[in-house]
Structure formats: structure tokens, C-alpha cells
Amino acid sequence: MIMPTVVNTNVQQYQSCIDICNRCMQVCEECLTSCLNEPDVQARIHCIQALRDCAEICSMASRYMSRNSMYTKQICNVCAMICEACAQECSKFKDEHCQKCANVCRQCADECRKMAA
């Protein structure tokens, strides 16, 4: 007997935020890898730490939204704060990967703030 698939309609309201969180996590991971290969890697320590934190919180926020957790708003609020901090760190560096990451982090922060409201 095949069980019908249950679609949680509450999760659909989170979909755009889930998508940008997943995108931000990916861009942060890519930027982190690129930063580790830059000649001035020592100058990027705070940026690298922010990228790790941002990738982790974005992944966590996506998972919380996907399961419609009662803590979604709190996690998204923290996610917005960390994304904003990561954007500030990345924007200090002029290379393309950091500028792209800063932009995606700002978009994610905006979307997470909306979700947390």
C-alpha cells in the first residue's frame, strides 16, 4: 500500500528563505575555500571564521524551516545577524568571490529578517 505524501503547507511559506539560506551556505563555503587559497590568507582570518559561522547557521536555519520548527523565527533572527556580520567581513576584500558572497549574505539577512518578523 502506498501512503499519500503529506505536503506541509506551512513550510511553503518559508521556501524563498530556505532557498536563499541554502544559496548563502553554498556561496560561503565556496568563498571560504577561495580565501584559504589567497596569498593574504592571514589577513582573512576573521573573514574565514565569519564564513564558517555563516555557512553553519544558514544550513541550520534551512533545516529548522524545513521541519517547521517552533524555533524558526529565533534561528532566522540569529541567521540574519550572522549573515550581516559575514557580509561586513567579506566586503573588506575586493576580490570577486568575497564581493559576491557579501551580496548573497545581505540578501539572506534581509530574507531571514522578514521570516523572523
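**Entry 1: the overall layout**

A helix, in these notes, is a DSSP run of H or I with at least four residues, and helices are numbered from the N terminus. I am working from a predicted model.

I started with the element count. The chain has five helices and zero strands. Reading from the N terminus, I get α-α-α-α-α. Next I looked up the extent of the C-alpha trace, which spans about 60 × 35 × 20 Å along its principal axes. Of the 117 residues, 42% count as buried. Among contacts with a separation of 6 or more, residues 24 or more positions apart account for 72%.

**Entry 2: H3 against H5**

I wanted to know how helix H3 (residues 45-66) meets helix H5 (residues 96-116). Their axes come within 12 Å and cross at roughly 40°. The crossing of H3 and H5 is left-handed. On the H3 side, the contact is made by Cys47, Leu51, Cys54, Cys58 and Met65. On the H5 side, I listed Cys98, Cys101, Cys105, Cys108 and Met115. What kinds of residue make up the contact of H3 with H5? I sorted them into 10 nonpolar, no polar and no charged.

The spacing in those lists made me recall a general point. An α-helix has 3.6 residues a turn, so residues three or four places apart point the same way.

**Entry 3: each helix on its own**

I checked the lengths. H3 has 22 residues and reaches 32 Å from its first C-alpha to its last, close to the 32 Å expected at 1.5 Å a residue.

Then I went through burial. The buried residues of H3 include Cys47, Ile48, Ala50, Leu51, Cys54, Ala55 and Ile57. Cys58, Ala61, Ser62, Tyr64 and Met65 of H3 are buried as well. In H5, I noted His97, Cys98, Cys101, Ala102, Val104 and Cys105 among the buried residues. Cys108, Ala109, Glu111, Cys112 and Met115 are also on the buried list for H5. What do the buried residues of H5 pack against? They pack against helix H2 (15-36), H3 and helix H4 (72-90).

**Entry 4: the cysteines**

The structure holds zero. I took Cys17 as a test case. I looked at Cys21 next, and Cys21 is in no disulfide either. The nearest cysteine sulfur to Cys21 is that of Cys112, at 3.7 Å.

Are Cys17 and Cys21 buried or exposed? Cys17 has 0% relative accessibility, so I put Cys17 down as buried. Cys21 is at 0% too, so Cys21 also counts as buried.

Asn22 lies in helix H2. I read its relative accessible area as 31%, so Asn22 is partly exposed. I then compared Asn22 with Cys54, which is 32 residues apart from it along the chain, and found their C-alpha atoms separated by 11 Å.

Glu89 is found in helix H4. The relative accessibility of Glu89 is 19%, and the cut-off for buried is under 20%, so Glu89 counts as buried. Which residues does Glu89 contact, leaving aside its neighbours within four places in sequence? I found His46, Cys47 and Ala50.

**Entry 5: two loop residues**

I finished with the loops. Asn68 is in the loop between H3 and H4. Just after H3, Asn68 takes a positive phi of about 55°, although Asn68 is not a glycine. I made a note of the background: most residues other than glycine have a negative phi. At 24% relative accessibility, Asn68 counts as partly exposed.

Asp95 sits in the loop between H4 and H5. Not counting residues up to four places away in sequence, Asp95 touches Glu38 and Arg44. I also looked up the distance from Asp95 to Ser34. The two are 61 residues apart in sequence and 9.8 Å apart in space, C-alpha to C-alpha.

Conventions
Residues numbered from 1 in each chain as written. Predicted model: local features only at pLDDT ≥ 70, side-chain atom pairs only at ≥ 80, totals over all residues. Heavy atoms only, no water. Axes fitted to C-alpha atoms, helices over the stretch in contact; angles between N-to-C directions. Left-handed = near helix turned anticlockwise from the far one by under 90°. Contact = heavy atoms within 4.5 Å. Nonpolar A, V, L, I, M, F, W, Y, C, P; charged D, E, K, R; others polar. Buried < 20%, exposed > 50% of the residue type's maximum accessible area, 1.4 Å probe, protein only. Disulfide = S-S within 2.5 Å. Expected span 1.5 Å × (residues − 1).
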